[in-house]
Amino acid sequence: MNLLKTQQQRFLFAGGLNTASGLFLYPILQTLIGPFGVNYMVTLVVCNFAAILQAYALGRWFVFNSRQKPFLEFVFFSAFQWAYFALNLALLPAIVSLWKLDPRIAQFGISLVAMVFSYFWQSRVVFKARHP
């Protein structure tokens with residue numbers, strides 16, 4: 001029995017794998033390069049770039065099994081990811097400040113909403129089969 005039969009199941013699995021990787025990569029990288037004076041926000045950007053590359057690869061080959069030209073797909077994919085990252089940088093402090101929520105709870109909510117939008121963006125725009 002294959003537990004990852006549907007595209008949605010593979011999407012959730014890939015997202016979980018990508019999230020777990022990010023949770024480990026950031027503290028490891030910050031521990032390694034922080035002592036050299038690298039700001040923690042620089043580490044965040046580097047880790048976000050690595051997460052985008054990993055998420056794209058998983059989406060392309062594992063979730064959607066795309067056969068399209070990778071450059072255009074990557075442009076569309078990364079545009080959404082960087083827009084989400086920028087929006088997240090603005091929304092998180094606003095939500096925490098305005099609604100007095102714990103940042104962990106606020107970030108969890110933002111991530112859930114982003115996950116839904118990300119699936120639709122990837123399935124309907126990025127990895128949609130294009131016919132010449």
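Contact here means heavy atoms within 4.5 Å. By this criterion, in the predicted model, Tyr-119 touches Gln-7, Gln-8, Phe-11 and Phe-64, with residues up to four places away in sequence left out of the count. Two of these partners, Phe-11 and Phe-64, also belong with Tyr-119 to a cluster linked by ring pairs.

Across the whole structure, a search finds 13 aromatic pairs. One of them joins Tyr-56 and Phe-127, whose rings are stacked, with 5.9 Å from centre to centre and 25 degrees between the planes. Tyr-56 is located in helix α2, residues 40-63, whereas Phe-127 falls in the segment after α4 (103-126), so the pair ties together parts that are 71 residues apart in sequence. Tyr-56 has a relative accessibility of 8% and therefore counts as buried. Phe-127 is likewise classed as buried, at 7%.

Trp-82 is partly exposed, at a relative accessible area of 30%, while Phe-85 is buried, at 12%. Both are touched by Asn-48, not counting residues up to four places away in sequence. Asn-48 is found in helix α2. Its relative accessibility is 17%; because buried means under 20%, Asn-48 counts as buried.

In soluble globular proteins, nonpolar side chains tend to be buried together. In this model the largest nonpolar core consists of 12 residues: Phe-11, Ala-14, Ile-52, Ala-55, Tyr-56, Leu-58, Val-63, Phe-64, Phe-77, Tyr-119, Val-126 and Phe-127. The elements contributing two or more residues to this core are α1 (7-33), α2 and α4. Helix α2 supplies the largest share, 5 residues. Both partners of the stacked pair, Tyr-56 and Phe-127, are members of this core.

Note on methods:
Residues are numbered from 1 along each chain as its sequence is written. This is a predicted model: local features need pLDDT of at least 70, side-chain atom pairs count only at pLDDT 80 or more; totals for chains, interfaces and linings use all residues. Side-chain values use heavy atoms; hydrogens and water are left out. Rings of Phe, Tyr and Trp (its six-membered ring) pair if their centres lie within 6.5 Å; planes under 30 degrees apart count as stacked, over 60 as edge-to-face and the rest as tilted. Helices (H or I, at least four residues) and strands (E, at least two) are DSSP runs, numbered from the N terminus. Buried means under 20% relative accessible area, exposed over 50%, partly exposed in between (1.4 Å probe, protein chains only). A nonpolar core is a set of buried Ala, Val, Leu, Ile, Met, Phe, Trp, Tyr and Cys residues joined through side-chain atoms within 4.5 Å.
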